[in-house]
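Please read the short report below with the sequence and the model open beside it.

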Amino acid sequence: MVSSPLHQLDCCLVTDGGGAVVLTTLERARHLRHDPVVVLGAGECTTSTSMAGVPDLLRTGAVESGRRAFSAARLGPAEIDVVEVYDSFTITVLLSLEALGFCGFGEGARFLEGSRARPGGGFPLDTSGGGLSYCHPGMFGVFLLIEAVRQLRGECRERQVGGAETALCHGTGGMLSTHATVLLGVDR
Amino acid sequence: MTVPPADEVTAHWWEATRERRLVLERCRGCGHYQHYPRGICTACVGTVEYVDAAGTGRLYSFTVVHRSPAEGVEVPYVVALVDLDEGPRLLTRIAAAEQGELACDRRVVLAWDPLPDGRALPVFRLS
């Protein structure tokens with residue numbers, strides 16, 4: 001037990017690491033060597049600056065950041081092919097999936113029952129394995145973006161989600177208090 | 001245990017702990033209660049006065065920490081969010097609790113964890 005109810009395997013392994021994302025216009029990107037991936041929508045929300053200021057532990061700022069991103073992209077959760085959610089702790093994933101509208105509040109654990117998030121399991125989630133499987137360099141969110149881009153480019157070989165055309169990335173910062181949602185898609 | 005130094009906004013709060021009083025800020029204009037001290041009403045930007053908290057509240061959430069975050073910090077200890085009956089939510093600790101007794105929504109009452117210089121930190125016990 002680390003901090004109840006979280007055991008060791010509910011927490012990411014702290015590691016070194018890094019990543020980068022190149023942003024440019026779609027017009028410019030179409031002349032580059034790799035297939036472009038399009039930012040369809042994005043949203044941010046910060047709910048508090050300290051643990052004492054958290055208005056509701058069970059409804060995170062992902063509710064609002066997700067609403068803004070989905071609204072900008074004119075998409076809904078049912079239209080997302082790949083979901084890349086920050087997973088500092090197991091509870092982070094459940095709260096985020098609920099807040100982003102993939103399931104109802106309080107239903108996150110049941111939603112993932114039956115190994116639905118495993119490869120080929122019907123709900124492609126954290127397809128790199130997520131930080132819980134291998135790392136946390138402090139800014140894990142960039143790995144969510146990199147994995148989503150690779151999925152949309154069809155570069156993922158054994159773990160490739162077939163026919164993936166849309167992806168959601170959700171990053172969480174602060175003390176579960178700062179949220180950013182990005183929706184990505186293939187270039188049509 | 002080290003605590004941050006008091007400044008002009010927090011000095012009154014710290015001094016009250018010498019008398020084992022937990023003080024809240026209440027807005028003279030809109031009546032809004034807040035904690036920790038900010039010196040100005042976070043609801044309406046009005047001026048604030050200090051009032052003593054009743055020292056009773058409800059356990060909103062908690063965790064029992066089993067891994068020491070730093071050398072010299074003894075575990076286990078309970079980190080808690082307590083909703084005071086006046087409204088403000090405190091990040092605090094639950095003192096001397098049997099782990100099986102802890103549950104969200106349980107009533108709690110103010111206790112004090114003394115500091116070497118006569119001041120004290122507000123903690124809570126199950127009531």
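How many residues does the contact take from chain A and from chain B? Eleven residues of chain A and eleven residues of chain B take part, where contact means heavy atoms within 4.5 Å. This is a predicted model, in which local features need pLDDT of at least 70, side-chain atom pairs count only at pLDDT 80 or more, and totals for chains, interfaces and linings use all residues. Residues are numbered from 1 along each chain as its sequence is written, chains are lettered from A and ligands numbered from 1 in the order in which they are written, and side-chain values use heavy atoms, with hydrogens and water left out.

**The contact between the chains**

The size of an interface is often given as the accessible area lost when the parts come together. Chain A and chain B bury about 980 Å² between them, and 48% of this area is on carbon and sulfur atoms. Buried area here is the accessible area (1.4 Å probe) that two parts lose on being put together, summed over both. Nine residue pairs, both at pLDDT 80 or more, are in polar contact between chain A and chain B. A polar contact is a pair of N or O atoms within 3.5 Å; within protein, one must be able to donate a hydrogen and the other to accept it, and residues adjacent in sequence count only if both atoms are side-chain atoms. On the side of chain A that touches chain B there are seven nonpolar, three polar and one charged residues. In this grouping Ala, Val, Leu, Ile, Met, Phe, Trp, Tyr, Cys and Pro are nonpolar, Asp, Glu, Lys and Arg are charged, and the others, Gly among them, are polar. The count of salt bridges between chain A and chain B is zero.

**Chain A as a whole**

Chain A has six helices and four strands, in the order α-β-α-β-α-α-α-α-β-β along the sequence. Helices (H or I, at least four residues) and strands (E, at least two) are DSSP runs, numbered from the N terminus. Of the 188 residues in chain A, 41% are buried. Buried means under 20% relative accessible area, exposed over 50%, and partly exposed in between (1.4 Å probe, protein chains only). Among contacts in chain A with a separation of 6 or more, 65% are between residues 24 or more positions apart.

**Salt bridges**

Over all chains, the structure holds 16 salt bridges. A salt bridge is a side-chain nitrogen of Lys or Arg within 4 Å of a carboxyl oxygen of Asp or Glu.

| Pair | Distance, N to O |
|---|---|
| B:Arg58 and B:Asp83 | 3.1 Å |
| B:Arg58 and B:Asp105 | 2.0 Å |
| B:Arg107 and B:Asp85 | 2.8 Å |

What does the pair of B:Arg58 and B:Asp83 tie together? B:Arg58 lies in strand β4 (residues 56-65) and B:Asp83 in strand β5 (residues 77-84) of chain B, so the pair ties together parts that are 25 residues apart in sequence. B:Arg58 is partly exposed at 28% relative accessible area, whereas B:Asp83 is buried at 12%.

B:Asp105 sits in the loop between β6 (89-94) and β7 (107-114) of chain B, 47 residues from B:Arg58. B:Asp105 is partly exposed, at 49%.

B:Arg107 is partly exposed at 38%, and B:Asp85 is partly exposed at 43%. Shared partners join B:Arg58, B:Asp83, B:Arg89 and B:Asp105 into one network of salt bridges.
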